[in-house]
Amino acid sequence: MSIVDLLIVLALFQYIFFAMQVGKARGTYGISAPATSGDPIFERYYRVQGNTLEMLILLLPSVWISASYWNPLFVAAMIAVYLIGRQIYFAAYIKDPKKRSMGFLLTVLPIFVLLISAVVGAVMSLIQTEF
């Protein structure tokens with residue numbers, strides 16, 4: 001389980017890094033808080049951070065539930081794909097938002113796999129317990 005915990009911490013650090021990039025972009029493009037628009041490049045950084053938060057809300061519970069039923073290495077592999085996907089998404093979205101698809105796919109697919117794994121694990125456990 002420690003590999004799962006470590007990768008979750010990396011996902012949180014990744015989010016912090018994205019948030020720091022938003023702060024840096026605020027200074028670079030002269031966008032004072034609380035404004036969230038003004039320069040298209042700043043808005044890209046801001047959207048990456050917001051979208052990452054949206055994905056973390058799905059990732060974390062799916063990891064914790066899946067990890068209670070399945071091999072931690074499988075769960076860790078899904079988190080690793082997520083992390084790589086987020087980095088690809090970050091780089092692509094900042095450069096050209098139209099080219100973010102691969103990063104988004106590599107973010108969403110492992111979350112769906114983990115969600116399905118969580119459901120299957122819970123149902124299997126319920127069946128074994130009840131019958």
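**Exercise 1. Find which side chain threonine 52 touches through a polar contact, and say whether threonine 52 is buried or exposed.**

Step 1: Look for the partner. The side chain of threonine 52 makes a polar contact with the side chain of arginine 86, at 2.8 Å. (A polar contact is a pair of N or O atoms within 3.5 Å; within protein, one must be able to donate a hydrogen and the other to accept it, and residues adjacent in sequence count only if both atoms are side-chain atoms.)

Step 2: Threonine 52 sits in helix α2. (Helices are DSSP runs of H or I with at least four residues, strands are runs of E with at least two, and both are numbered from the N terminus.)

Step 3: Check the accessibility. Threonine 52 has 1% relative accessibility, so it counts as buried. (Buried means under 20% relative accessible area, exposed over 50%, partly exposed in between, with a 1.4 Å probe and protein chains only.)

A note before going on: this is a predicted model, where local features need pLDDT of at least 70, side-chain atom pairs count only at pLDDT 80 or more, and totals for chains, interfaces and linings use all residues. Residues are numbered from 1 along each chain as its sequence is written, and side-chain values use heavy atoms, with hydrogens and water left out.

**Exercise 2. Describe α2 from its start to its kink.**

Step 1: Start at the cap. Aspartate 39 caps the N-terminal end of α2, with a side-chain oxygen 2.8 Å from the backbone nitrogen of isoleucine 41.

Step 2: Take the span. α2 covers residues 40–67, 28 residues in total, and reaches 39 Å from its first C-alpha to its last, close to the 40 Å expected at 1.5 Å a residue. (The expected span is 1.5 Å times one less than the number of residues.)

Step 3: Spot the kink. α2 bends by about 25°, centred on leucine 56. (The bend is the angle between axes fitted to the seven residues ending there and the seven starting there.)

**Exercise 3. Work out how α2 and α3 run relative to each other.**

Step 1: Get the angle. The axes of α2 and helix α3 (residues 72–95) come within 10 Å and cross at roughly 170°. (Axes are lines fitted to C-alpha atoms, for helices over the stretch in contact, and angles run from 0 to 180 degrees between N-to-C directions.)

Step 2: Name the arrangement. α2 and α3 are therefore roughly antiparallel to each other. (Angles under 35 degrees count as roughly parallel, over 145 as roughly antiparallel, 65 to 115 as roughly perpendicular and the rest as oblique.)
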